[in-house]
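Trainee: Could we go through this structure together and check what stands behind each label?

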Amino acid sequence: MSSPISAKTFHEADGVDDWRAIFWGACAVFRTPDYATAGRFVTAIAAATDALDHQPDIDMRPGTVAVRTFTPGGTARLSDLDITVAQRISEAAREIGLEADPSSVQHVQFTIDVVEGEPVKDFWQAALGYERVDEDDIVDPRRSGPPVWFQQVKHHKLPHNRIHLDVSVPHDVAEERAQAILDAGGRMLGDRHAPAWWSLIDAEGNVVDIATWQDRE
């Protein structure tokens with residue numbers, strides 16, 4: 001039986017330096033020299049986690065293997081079992097000689113403001129072929145596409161941008177990402193919630209939130 005933990009507790013654990021807490025658990029990206037080595041690593045991950053009955057999501061691409069571990073439910077979607085999974089995977093990476101690249105970790109989701117939420121949620125669930133996982137989230141059953149979070153609001157002020165992107169990044173690269181957006185011509189819409197998130201807009205008013213786990217416990 002696993003016990004829910006906070007993102008802060010996850011990061012304070014030993015052996016998880018490769019990992020970063022984001023929306024939907026914790027993720028690590030490992031650099032691989034070739035596809036054959038990546039395949040060996042994926043096999044090692046399966047061997048290291050199979051007995052735990054808590055298998056992570058794995059995305060194998062030329063040059064990288066990204067791994068995400070999470071536990072459904074809770075704000076951080078993390079449990080003590082995710083610490084064990086992360087430790088075992090990092091150990092497997094070291095045995096093969098792979099290094100992690102925490103700066104490459106990110107998670108993207110769409111956010112839709114809703115007043116009368118259920119009809120909107122039903123619409124997008126049907127349109128995307130997603131599954132409802134809790135009151136305010138729908139996800140791709142394969143967890144390959146970005147999830148959608150429905151943010152409850154009291155009313156809409158028109159004109160009002162009601163759909164925006166959330167980009168969850170490691171806490172130690174968030175300010176750098178926000179600055180890169182500013183350097184690319186964006187404008188700061190608000191930073192009063194920092195370091196939990198920064199809201200920025202493009203030249204035509206489209207919104208992105210650069211978000212971390214901090215101050216979300």
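**Salt bridges and a pocket**

Mentor: Keep in mind that this is a predicted model. Let's begin with Arg-132, which has a relative accessible area of 29% and is partly exposed.

Trainee: Why is Arg-132 called partly exposed?
Mentor: Buried means under 20% and exposed means over 50%. Arg-132, at 29%, lies in between, so the label is partly exposed.

Trainee: What makes Arg-132 and Glu-118 a salt bridge?
Mentor: The rule asks for a side-chain nitrogen of Lys or Arg within 4 Å of a carboxyl oxygen of Asp or Glu. For Arg-132 and Glu-118 the N to O distance is 3.3 Å, so the pair qualifies. This pair links distant parts of the chain, with Arg-132 in strand β9 and Glu-118 in helix α4, 14 residues apart. Glu-118 is also partly exposed, at 40%.

Trainee: Which salt bridge does Asp-136 form?
Mentor: Asp-136 pairs with Lys-121, and their closest N and O atoms are 3.2 Å apart. Because Asp-136 lies in the loop between β9 and β10 while Lys-121 is in helix α4, the pair ties together parts that are 15 residues apart in sequence.

Trainee: How do you know whether Lys-121 is buried or exposed?
Mentor: Its relative accessible area is 2%. That is under the 20% limit, so Lys-121 counts as buried.

Trainee: What about Asp-122 and Arg-132?
Mentor: Their side chains meet at 3.4 Å, N to O, in a salt bridge. Asp-122 is in helix α4 and Arg-132 in strand β9, ten residues apart. Asp-122 has 43% relative accessibility and counts as partly exposed.

Trainee: What makes Glu-118, Lys-121, Asp-122, Arg-132 and Asp-136 one network?
Mentor: They are joined by salt bridges that share partners. By this rule the structure's count comes to twelve salt bridges.

Trainee: Now the largest pocket: what is its volume, and which residues are closest to its centre?
Mentor: The volume is about 650 Å³. Of the 24 lining residues, the closest to the centre are Asp-59, Arg-68, His-107, Arg-143 and Ser-144.

Trainee: Which strands supply at least two residues of that lining?
Mentor: β3 (25-31), β4 (57-61), β5 (64-69) and β8 (107-114) each do.

Trainee: And how many lining residues fall in each class?
Mentor: Twelve are nonpolar, six polar and six charged.

Technical notes. Residues numbered from 1 in each chain as written. Predicted model: local features only at pLDDT ≥ 70, side-chain atom pairs only at ≥ 80, totals over all residues. Heavy atoms only, no water. 1 Å grid on protein atoms, 1.4 Å probe; cavity = no way out; pocket = protein on both sides within 12 Å on 5 of 7 lines; lining within 4 Å. Points joined across faces, edges and corners; volume = space filled by probe spheres on them. Helix = DSSP H or I, 4+ residues; strand = E, 2+ residues; numbered from the N terminus. Nonpolar A, V, L, I, M, F, W, Y, C, P; charged D, E, K, R; others polar. Buried < 20%, exposed > 50% of the residue type's maximum accessible area, 1.4 Å probe, protein only.
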